[in-house]
Amino acid sequence: MPTGRLQEVLNELDRLDRAAGSVEDFMWEVVKLLHDRMLKYNWAGFYMLEKEKPGRAQPRMLVLGPFQGAMTPHTRIPLNQGICGAAASTGKTVVVDDVSLDSRYLACSTETKSEIVVPVFVRGKVVGELDIDSHFPAAFGNQDRDLVEYCASLVGKQLEKILP
Ligand code: SME
């Protein structure tokens with residue numbers, strides 16, 4: 001049972017979900033809320049998977065969407081690179097307690113110590129992901145995983161209403 005700050009953040013998420021003007025507005029609000037209220041979440045951002053286009057030769061990439069925190073050099077990430085690529089290509093949440101020990105890691109800030117990436121699904125297919133970085137090692141426990149997965153699921157449900 002979440003308590004204190006976490007419960008407040010969950011309540012605020014539900015309020016923002018009901019009040020959202022557009023999915024993009026909601027995504028900006030989610031990353032701002034997580035970045036501002038969760039003290040160890042030092043960077044929070046969405047990457048969205050490029051849409052499939054018939055006849056396109058290049059593989060689809062993850063493209064930086066709404067985010068809070070310092071600008072990252074990684075604005076486009078191939079599905080076979082980074083923790084981000086791993087989460088999107090497998091459709092599974094990836095938690096890395098020490099990014100320096102993970103050869104997949106693409107550095108966004110030298111201060112980052114741990115990271116969680118959670119896929120966003122629409123009708124069972126990955127359409128993007130929510131990425132959180134922390135300056136603290138092993139910052140993401142089970143409650144954090146539940147929270148970030150809940151955020152990703154709210155965005156997925158909103159996208160489901162507008163995507164074909
Ligand atoms: N660290 C990510 C890249 C994105 S930045 O953290 C914002 C990765 O390894 O895929």
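**Ground rules**

I number residues from 1 along each chain as its sequence is written. In this predicted model I take local features only at pLDDT of at least 70 and side-chain atom pairs only at pLDDT 80 or more, while totals for chains, interfaces and linings use all residues, and side-chain values use heavy atoms, with hydrogens and water left out.

I took helices and strands as DSSP runs numbered from the N terminus (helices are H or I with at least four residues, strands are E with at least two). I counted two strands as paired if DSSP finds at least two bridges between them. S1 and S2 are antiparallel and share 5 bridges. In that pairing I found Ala-44 opposite Gln-68 of S2. S2 also runs antiparallel to strand S3 (residues 76-78), with 3 bridges. There Leu-62 faces Ile-77 of S3.

I then looked up burial (buried is under 20% relative accessible area, exposed is over 50%, partly exposed is in between, with a 1.4 Å probe and protein chains only). S2 has 6 of its 8 residues buried, so I noted it as mostly covered.

Strand S4 (residues 94-96) pairs with S5 in the antiparallel sense, over 3 bridges. Val-95 is placed opposite Ile-116 of S5. S5 covers residues 114-122 and has 8 of its 9 residues buried.

How many bridges join S5 to strand S6? I found 9, and the two strands run antiparallel. I wrote down two partners in S6: Val-126 for Phe-121 and Glu-129 for Pro-119.

S6 also runs antiparallel to S1, to which 6 bridges join it. Gly-45 stands opposite Asp-131 of S6. Why is S6 noted as largely enclosed by the rest of the structure? Because 9 of its 10 residues are buried.

**Entry: aromatic rings**

My search of the whole structure gave 3 aromatic pairs. I counted rings of Phe, Tyr and Trp (its six-membered ring) as a pair if their centres lie within 6.5 Å; planes under 30 degrees apart are stacked, over 60 edge-to-face, and the rest tilted. Among the pairs, Trp-43 and Phe-67 are stacked, at 5.8 Å centre to centre and 20 degrees between the planes. This pair links distant parts of the chain, since Trp-43 is in strand S1 (residues 43-49) and Phe-67 in strand S2 (residues 61-68), 24 residues apart. Are these two residues buried or exposed? Trp-43 and Phe-67 are both buried. Together with Tyr-47 they form one aromatic cluster.

I also looked for a charge over a ring (NZ of Lys or CZ of Arg within 6 Å of the ring centre and within 35 degrees of the ring normal). Lys-40 lies over the face of Phe-136, 5.3 Å from the ring centre.

**Entry: the ligand**

Which residues are closest to the ligand? Of the 13 residues that surround it, these are Ile-83, Cys-84, Leu-106, Glu-115 and Asp-133. I counted a residue as near if one of its heavy atoms lies within 4 Å.

Next came polar contacts (N or O atoms within 3.5 Å; within protein, one must be able to donate a hydrogen and the other to accept it, and residues adjacent in sequence count only if both atoms are side-chain atoms). A backbone N or O atom of Ile-83 is 2.9 Å from a ligand oxygen atom. A polar backbone atom of Leu-106 is 2.8 Å from a ligand nitrogen atom. In the side chain of Asp-133, an N or O atom lies 2.9 Å from an oxygen atom of the ligand. Taken alone, the ligand exposes 310 Å², of which the protein buries 100%. I note that accessible areas come from the Shrake-Rupley method with a 1.4 Å probe, and that for residues only the protein chains shown count as cover.

Arg-123 sits in the loop between S5 and S6, a hairpin with 2 residues between the strands. Its phi is near 45 degrees, a positive value in a residue other than glycine. Arg-123 is partly exposed, because its relative accessibility is 47%.

Ala-138 is in the loop between S6 and helix H4 (142-162). Its phi is also positive, near 50 degrees. I noted Ala-138 as partly exposed, at 46%.

Leu-79 belongs to the loop between S3 and helix H3 (82-90). With a relative accessible area of 27%, Leu-79 is partly exposed. Leu-79 and Leu-62 are 17 residues apart in sequence and 6.9 Å apart in space, C-alpha to C-alpha.
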